[in-house]
Amino acid sequence: MKAVLNKGEKRVTTNESQIIKILAEERNMRKAAERLFLSQPALSQRLQSIEKEWGAQLFLRSQKGLTATPAGEIVIQFAIDTIAKQEEIFELIQSMTSKVHGTLKIACASIVGQNWLPIVLKDFVTKYPEAKISLITGWSSEIVKSLYDGEAHIGIVRGHTEWKGTKIHLFRDTLYLVDQELKEVEDVLSTDRPFIQFKSDSNYYQEIQAWWQRHFSSSPRRQITVDQIETCKQMALNGIGYAILPSITLSGLEKVNKIALTNQAEEFELTRDTWLIGYESAFELRQVEAFVSVVEEHAKRLHDYSN
């Protein structure tokens with residue numbers, strides 16, 4: 001059905017919407033031109049044409065860059081809404097076809113995004129080359145927020161995450177005490193080496209604290225706390241101290257001692273679960289359905305990363 005416009009109503013084309021959106025994001029003609037694969041003169045000419053069609057100046061130019069005018073702010077929001085609506089309709093159409101098209105929007109916990117997801121995505125893009133991927137990484141709480149805000153179709157989170165929608169368990173990895181010198185868990189009681197810990201907004205830090213309290217009557221003699229798990233890992237691998245790391249971060253080639261945190265009651269006392277979550281409606285999209293299939297296939301093959 002052909003859209004009917006009221007007299008004097010302006011309809012923004014897809015290319016115009018992209019130009020306006022990117023100009024608003026970059027606030028710089030050169031950077032915007034690079035993203036749009038245009039020369040600066042060509043982009044300037046396109047912008048002048050767009051402003052002429054709207055009958056208003058959308059951006060003020062200065063040495064500091066571009067600043068949206070009041071009219072520009074309205075058109076920018078309209079362009080953003082137009083692009084979002086087009087993507088929504090495109091995904092709906094593609095969900096009714098046999099091929100996997102559209103954009104797969106993933107929000108993933110950083111540790112999984114760095115250590116496991118690249119292998120999965122390589123398989124996915126090989127099987128479905130016509131699909132596009134948008135990836136956001138961060139803490140698990142940020143992943144949940146991305147789903148709430150509609151920025152992602154599905155999320156991959158770690159640990160205990162409250163979620164009312166679809167929740168698929170992917171894998172569980174063991175936590176290891178990693179150090180160049182310590183050979184037994186009990187050695188932490190007599191060493192002066194610092195305990196290097198990774199602290200985030202998740203319950204990972206609290207779980208390790210609770211484990212320590214269950215086993216030892218006093219705190220570590222020396223402690224170092226960092227805000228990135230990769231920093232924690234590299235410090236342990238370089239002999240600065242000992243750390244407790246999940247097996248997903250370990251390739252098995254590290255020249256350190258890896259001591260699984262076990263006890264008599266449970267084979268592996270301290271573990272970390274990874275989940276795939278999302279709203280039920282998102283799992284009906286073909287690109288999401290295809291990705292879930294690839295993810296579950298990899299999760300079944302996944303074994304302890306430290307072996």
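Is D173 buried or exposed? At 4% relative accessibility, D173 counts as buried. The legends below return to this residue after a look at the whole chain. The model is predicted.

Figure 1. The chain has 307 residues, and 45% of them are buried. Its accessible surface comes to about 17400 Å². Carbon and sulfur atoms account for 50% of that surface. Now take the contacts between residues at least 6 apart in sequence. Of these, 72% join residues at least 24 apart.

**Figure 2. D173 sits in a strand and reaches a backbone nitrogen.** A polar atom of the D173 side chain lies 3.2 Å from the backbone nitrogen of I248. Which residues touch D173, leaving aside its neighbours within four places in sequence? They are R158, P246, S247, I248, T271 and R272. D173 is buried, because its relative accessibility is 4% and the limit for buried is under 20%.

**Figure 3. W54 and F78 form an edge-to-face pair.** By the rule for ring pairs, the count comes to eleven aromatic pairs. In this one, the ring centres are 6.2 Å apart. The planes meet at 85°, so the pair is edge-to-face. Where do the two residues lie? W54 belongs to helix 3 (residues 40-54), and F78 to helix 4 (residues 70-94). The pair therefore ties together parts that are 24 residues apart in sequence. W54 is partly exposed, with a relative accessible area of 26%. F78 is partly exposed too, at 36%.

**Figure 4. F195 and Y242 form a stacked pair.** Their ring centres are 5.0 Å apart. Their planes are at 10°, so the pair is stacked. F195 lies in strand 7 (residues 195-198), and Y242 in strand 9 (residues 242-246). The pair therefore ties together parts that are 47 residues apart in sequence. Both F195 and Y242 are buried. Which residues do ring pairs link into a cluster here? The cluster holds F195, W211, W212, F216 and Y242.

**Figure 5. K167 lies over the face of W275.** How far is K167 from the ring centre? The distance is 4.5 Å.

**Figure 6. E284 is an exposed loop residue.** The loop runs between strand 11 (271-278) and helix 10 (286-301). E284 has 58% relative accessibility, so E284 counts as exposed. Follow E284 back to L92 along the sequence, and the two are 192 residues apart. In space, the C-alpha atoms of E284 and L92 are 9.7 Å apart.

**Figure 7. Two cysteines are buried, and the structure holds no disulfide.** C108 has 0% relative accessibility, so C108 counts as buried. C232 has 1%, so C232 counts as buried as well. How many disulfides does the structure hold? The count is zero. A disulfide is a covalent bond between the sulfur atoms of two cysteines.

Notes
Residues numbered from 1 in each chain as written. Predicted model: local features only at pLDDT ≥ 70, side-chain atom pairs only at ≥ 80, totals over all residues. Heavy atoms only, no water. Disulfide = S-S within 2.5 Å. Buried < 20%, exposed > 50% of the residue type's maximum accessible area, 1.4 Å probe, protein only. Contact = heavy atoms within 4.5 Å. Areas by Shrake-Rupley, 256 points an atom, 1.4 Å probe, with all protein chains shown as cover. Phe/Tyr/Trp six-rings, centres within 6.5 Å; stacked < 30°, edge-to-face > 60°. Helix = DSSP H or I, 4+ residues; strand = E, 2+ residues; numbered from the N terminus. Lys NZ or Arg CZ within 6 Å of the ring centre and 35° of its normal. Polar contact = N/O pair within 3.5 Å; in protein donor to acceptor, adjacent residues only side chain to side chain.
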